[in-house]
Amino acid sequence: MQFGILVNEGPYTHQASDTAYLFARTAIEKGHKVPRVFFYHDGVNNSTRLATPPQDDRNVSARWSNLAEEHGIDLVVCVAAAQRRGINDDVLAPGFRISGLGQLVEMGIQYDRLVTFGD
Amino acid sequence: MSDMDEMDDGSGVVKKFMFLNRKAPHGTVYALEGLEVVLITAAFDQDVSMVFTDDGVFQLMKGIDTKGIEVKDFSKTYRALEGYDIEKLYVDQASMDARGLTEDDLIVDVTVLSVDEMANLMAEQDVVISF
């Protein structure tokens, strides 16, 4: 099955990004496909490479980058939501790209399921 | 805005998208940014429904004035939805009752549904996105 994933909350404050990551990783392990993850609302804050969490904690953005590199996942950050929150190409972690909401709608049209992680 | 131009993902597939609006309009950004997704989805010629439930019913209230709280007033957008062929607007009866609201308090024409009717409508959808 092809899953599209929508992440609506930022890292660390809220579990949404962690749960989305674990869901995506597990779905892939079980033989499903996760071609794209879309980041909206404060979810765009998951895409910054400037975050430096303590060594003994997970690094949320780096974890997404690694998963994307291993499995060819398209990590898309909404441009309008990103501009509001100071996220631009200069701060993006590897594997993330900035694009429009059309990329979210496409997931709903093309994939078997669209799963939302948010508040 | 170029995002608002007619869009096509190339597949010609039309799916039923439901947008579930659960939050008051200005306490969080969800209503404002959620509307953007609704408009883009309509631009992709999809079958769009909007549901207002819980505090989401406050998004449609008449007489919203945001001057005092210095945030953008986007309530006019709801009245413009018809222009984007978004005409399926539903509100939850119990949410209206709990907040002392009737259809006369709302800025647009809506269909009021019971919980059971809402559940049936949701079951018919291909994609449900909740804000």
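Here are a few friendly notes on this predicted model, going from the whole chain to single residues.

1. Start with the overall layout. Chain A has four helices and five strands, and from the N terminus on they follow the order β-α-β-α-β-α-β-α-β. The radius of gyration is 13 Å, close to the 14 Å that the globule rule gives for 119 residues, so chain A is as compact as a globular protein of that length.

2. A word on overall dimensions and packing. The C-alpha trace of chain A spans about 35 × 30 × 25 Å along its principal axes. Of its 119 residues, 54% count as buried. Among contacts between residues at least 6 apart in sequence, 78% join residues at least 24 apart.

3. Now the surface and the charges. Chain A exposes about 5,500 Å², with carbon and sulfur atoms supplying 45% of it. There are 11 positive and 14 negative side chains in chain A, and the centres of the two sets lie 4 Å apart.

4. Just after α1(A), A:Gly31 takes a positive phi of about 95°.

5. Finally, find A:Ser99 in strand β4 (residues 96-99) of chain A. Is A:Ser99 buried or exposed? A:Ser99 counts as buried because its relative accessibility is 19%, under the 20% cut-off. Beyond its neighbours within four places in sequence, A:Ser99 is in contact with A:Val76, A:Val77, A:Cys78 and A:Val79.

Conventions
Residues numbered from 1 in each chain as written. Chains lettered and ligands numbered in written order. Predicted model: local features only at pLDDT ≥ 70, side-chain atom pairs only at ≥ 80, totals over all residues. Heavy atoms only, no water. Helix = DSSP H or I, 4+ residues; strand = E, 2+ residues; numbered from the N terminus. Buried < 20%, exposed > 50% of the residue type's maximum accessible area, 1.4 Å probe, protein only. Contact = heavy atoms within 4.5 Å. Rg over C-alpha atoms; globule rule 2.2 N^0.38 Å. Areas by Shrake-Rupley, 256 points an atom, 1.4 Å probe, with all protein chains shown as cover. Lys, Arg positive; Asp, Glu negative; His and termini not counted. Charge placed at Lys NZ, Arg CZ, Asp CG, Glu CD.
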